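Please look through the sequence and the structure below before reading on. The briefing that follows takes up a few features of the backbone, the helix, the core and the rings, and then turns to the whole chain.

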Amino acid sequence: MMLGRNTNQSIQAGLYYSQLASLKELTQGITRQCFSDKAPVIIGTGGFAHLFKSENIFSQLMPDLVLNGLYLALAKNRK
């Protein structure tokens with residue numbers, strides 16, 4: 001629902017749809033500029049990436065990608 005029925009719903013809708021529009025615009029612009037309109041692999045990271053799963057923006061969801069990378073860096077540097 002793009003318009004909320006109360007203040008709380010309106011704030012949530014505003015946050016969701018503004019992020020959705022930003023994601024779509026950024027991915028389209030970067031795709032045109034850097035990938036000659038060929039679809040790149042776009043990975044959704046972070047705990048809230050799943051909120052956009054039904055929007056088909058991401059090629060893959062990996063919410064713990066950054067944490068996994070930090071763990072690998074730590075493990076590699078401990079040796």
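Just after helix α1, S36 takes a positive phi of about 50°, in a model that is predicted, where local features need pLDDT of at least 70, side-chain atom pairs count only at pLDDT 80 or more, and totals for chains, interfaces and linings use all residues. Residues are numbered from 1 along each chain as its sequence is written, and side-chain values use heavy atoms, with hydrogens and water left out.

**Positive phi**

- S36 has this positive phi although it is not a glycine, and its place is in the loop between α1 and β1 (43-44), where helices (H or I, at least four residues) and strands (E, at least two) are DSSP runs numbered from the N terminus.
- Most residues other than glycine have a negative phi.
- S36 counts as exposed because its relative accessible area is 59%; buried means under 20% relative accessible area, exposed over 50%, and partly exposed in between, with a 1.4 Å probe and protein chains only.
- N56, a residue other than glycine, also has a positive phi, near 55°, and it is found in the loop between β1 and β2 (60-61).
- N56 is exposed, since its relative accessibility is 67%.

**Helix α1**

- Helix α1 covers residues 7-34, and its 28 residues should span 40 Å at 1.5 Å a residue, which agrees with the 40 Å between its end C-alpha atoms; the expected span is 1.5 Å times one less than the number of residues.
- At the start of α1, a side-chain oxygen of N6 comes to within 3.1 Å of the backbone nitrogen of N8.
- A13, L20, T27 and T31 are the buried residues of α1.
- T31, in helix α1, counts as buried because its relative accessibility is 13%.
- Leaving out residues up to four places away in sequence, T31 touches S36, D37, K38 and P40, where contact means heavy atoms within 4.5 Å.

**Nonpolar core**

- The largest nonpolar core has 6 residues in all, namely L20, I42, A49, F52, I57 and F58; such a core is a set of buried Ala, Val, Leu, Ile, Met, Phe, Trp, Tyr and Cys residues joined through side-chain atoms within 4.5 Å.
- In soluble globular proteins, nonpolar side chains tend to be buried together.
- I42 touches T27, I57, F58, S59 and Q60, again not counting residues up to four places away in sequence.
- F52 counts as buried, since its relative accessibility is 10%.

**Aromatic rings**

- The whole structure holds 2 aromatic pairs, where rings of Phe, Tyr and Trp (its six-membered ring) pair if their centres lie within 6.5 Å, and planes under 30 degrees apart count as stacked, over 60 as edge-to-face and the rest as tilted.
- Y16 and Y17 form an edge-to-face pair, 4.9 Å centre to centre with 85° between the planes.
- The rings of Y16 and F52 have their centres 4.9 Å apart and their planes at 15°, so this pair is stacked.
- Y16 lies in helix α1 and F52 in the loop between β1 and β2, so their pair ties together parts that are 36 residues apart in sequence.
- Y16, Y17 and F52 form one aromatic cluster.

**The whole chain**

- The protein has 2 helices and 2 strands, and its elements run α-β-β-α from the N terminus on.
- The radius of gyration is 17 Å, well over the 12 Å that the globule rule gives for 79 residues, so the protein is more spread out than a compact globule; this radius is taken over C-alpha atoms, and the rule is 2.2 Å times the number of residues to the power 0.38.
- Of the 79 residues, 14% count as buried.

Conventions: A polar contact is a pair of N or O atoms within 3.5 Å; within protein, one must be able to donate a hydrogen and the other to accept it, and residues adjacent in sequence count only if both atoms are side-chain atoms.
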